[in-house]
Amino acid sequence: MGTGEGERPLEEGIRTDLRGAMSYSDYLDLPTLLSAQHPRSRPEHHDELLFIVAHQTSELWLKLVLHELHGARELLAADEVAQARKCLARVKHVLRTLADQWSVLATLTPHDYAQFRGALASASGFQSWQYRAVEFILGNKHAGMLSVFAADPEAQALLSRLLAELTVYDAFLGLLARAGHPVPEAILERDLTRAWVQQPELIPVLREIYLDAEANWEAYATCEDLVDIEDAFQLWRFRHMRTVQRTIGWRQGTGGSSGVAFLKRALELSFFPELITVRGALD
């Protein structure tokens with residue numbers, strides 16, 4: 001069959017007969033992926049698809065973030081710093097992409113969201129187990145959150161495991177100790193089920209690394225990778241809060257939280273507080 005006027009002919013080597021062969025759709029399982037959007041509003045509101053796609057896309061990115069953070073943690077535990085930093089760099093870029101995605105959801109006007117908000121019932125992003133898993137592996141652990149997932153035993157079991165496991169930061173501090181940096185033993189043997197809180201005894205250790213970055217380049221650069229992740233995560237949190245604020249104002253969230261006020265408090269959290277505090281001790 002010839003080409004029409006103005007049509008560019010296909011390159012000779014491009015395969016067009018994919019019968020019995022792996023196709024792009026097969027590899028990505030697109031029939032499953034593209035059939036997973038089920039608007040609940042009746043009559044179906046035009047903008048509900050935007051809301052669903054935005055959140056499903058976020059969950060896919062969170063899946064990758066978790067994959068990379070698990071990888072970084074294991075590589076740090078094995079003293080494979082260069083490969084761990086590659087994982088951390090990827091996490092940083094994914095988090096920036098997640099933050100940018102809020103600009104798409106921000107096109108949802110308060111009036112339009114109100115037309116299908118009731119269809120969410122009690123569903124809320126607060127119930128995202130992947131988001132909670134990311135927070136756990138980065139250090140913001142909260143045993144009380146497990147009850148939220150009582151109806152999802154698989155998710156609850158995963159979070160229970162993460163609650164008792166090393167965080168990425170714990171793995172990094174272990175690496176520092178093995179490299180000869182005097183990380184206090186009490187920090188290395190801490191109760192892993194507790195949320196990380198600032199450890200003043202760690203500041204002098206990090207200060208020495210920062211004061212002689214050339215001699216401690218791998219450790220110093222990894223510290224800065226973690227700060228990059230913290231910044232990217234906080235930007236994501238901020239964009240989330242602002243998008244919710246412009247969409248529902250100060251109304252309560254669908255999951256029962258205080259909404260914007262709850263999201264604002266999250267901005268006060270820090271995964272790696274010592275890496276910020278040490279900056280004021282470099283005189």
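Tyr113 and Phe116 are both buried, where buried means under 20% relative accessible area, exposed over 50% and partly exposed in between (1.4 Å probe, protein chains only). The model is a predicted one, in which local features need pLDDT of at least 70 and side-chain atom pairs count only at pLDDT 80 or more, while totals for chains, interfaces and linings use all residues. Residues are numbered from 1 along each chain as its sequence is written, and side-chain values use heavy atoms, with hydrogens and water left out.

Tyr113 and Phe116 lie in helix H5, 3 residues apart, which is about one turn of the helix. Helices here are DSSP runs (H or I, at least four residues), numbered from the N terminus, as are strands (E, at least two). The structure holds 13 aromatic pairs. Rings of Phe, Tyr and Trp (its six-membered ring) pair if their centres lie within 6.5 Å; planes under 30 degrees apart count as stacked, over 60 as edge-to-face and the rest as tilted. The rings of Phe51 and Tyr113 are stacked, because their centres are 5.4 Å apart and their planes stand at 25°. Since Phe51 belongs to helix H3 (residues 48-77) and Tyr113 to helix H5 (residues 110-116), this pair ties together parts that are 62 residues apart in sequence. Phe51 counts as buried at 15% relative accessibility, and Tyr113 counts as buried at 7%. Tyr113 also forms an edge-to-face pair with Phe116, with 5.4 Å from centre to centre and 80° between the planes.

Elsewhere, one aromatic cluster is formed by Trp102, Tyr131, Tyr169, Trp196, Phe233, Trp236, Phe271 and Phe272. A charge meets a ring where Arg132 lies over the face of Phe126, at 5.3 Å from the ring centre; a charge sits over a ring if NZ of Lys or CZ of Arg is within 6 Å of the ring centre and within 35 degrees of the ring normal.

What span should the 30 residues of H3 have, and does the model agree or disagree? The expected span of a helix is 1.5 Å times one less than its number of residues. For H3 this gives 44 Å, and its end C-alpha atoms are 44 Å apart, which agrees.

H3 is followed by Asp79, which has a positive phi of about 65° although it is not a glycine. Asp79 is found in the loop between H3 and helix H4 (81-105) and counts as partly exposed at 41% relative accessibility. H11 is followed by Gly249, whose phi is positive, near 65°. Ala121, in the loop between H5 and helix H6 (129-138), has a positive phi near 55° and is exposed, with a relative accessible area of 54%. A cis peptide bond, with omega about -5°, joins Arg42 and Pro43; Pro43 is in the loop between helix H2 (30-34) and H3.

The charged side chains form 11 salt bridges, a salt bridge being a side-chain nitrogen of Lys or Arg within 4 Å of a carboxyl oxygen of Asp or Glu. Arg90 and Glu68 meet in one of them, at 2.9 Å from N to O. This pair links distant parts of the chain, with Arg90 in helix H4 and Glu68 in helix H3, 22 residues apart. Arg90 is partly exposed, with a relative accessible area of 38%, whereas Glu68 is buried at 5%.

Arg73 forms a salt bridge with Glu165, the closest N and O atoms being 3.0 Å apart. Here Arg73 in helix H3 is linked to Glu165 in the loop between helix H7 (153-164) and helix H8 (168-178), 92 residues apart. Arg73 counts as buried at 8% relative accessibility, while Glu165 is partly exposed at 27%. Together with Glu74, Arg73 and Glu165 are linked in a network of salt bridges.

Arg85 and Asp225 meet in a further salt bridge, at 2.5 Å from N to O. Because Arg85 lies in helix H4 and Asp225 in helix H11, the pair ties together parts that are 140 residues apart in sequence. Arg85 counts as partly exposed at 29% relative accessibility, and Asp225 as buried at 9%.
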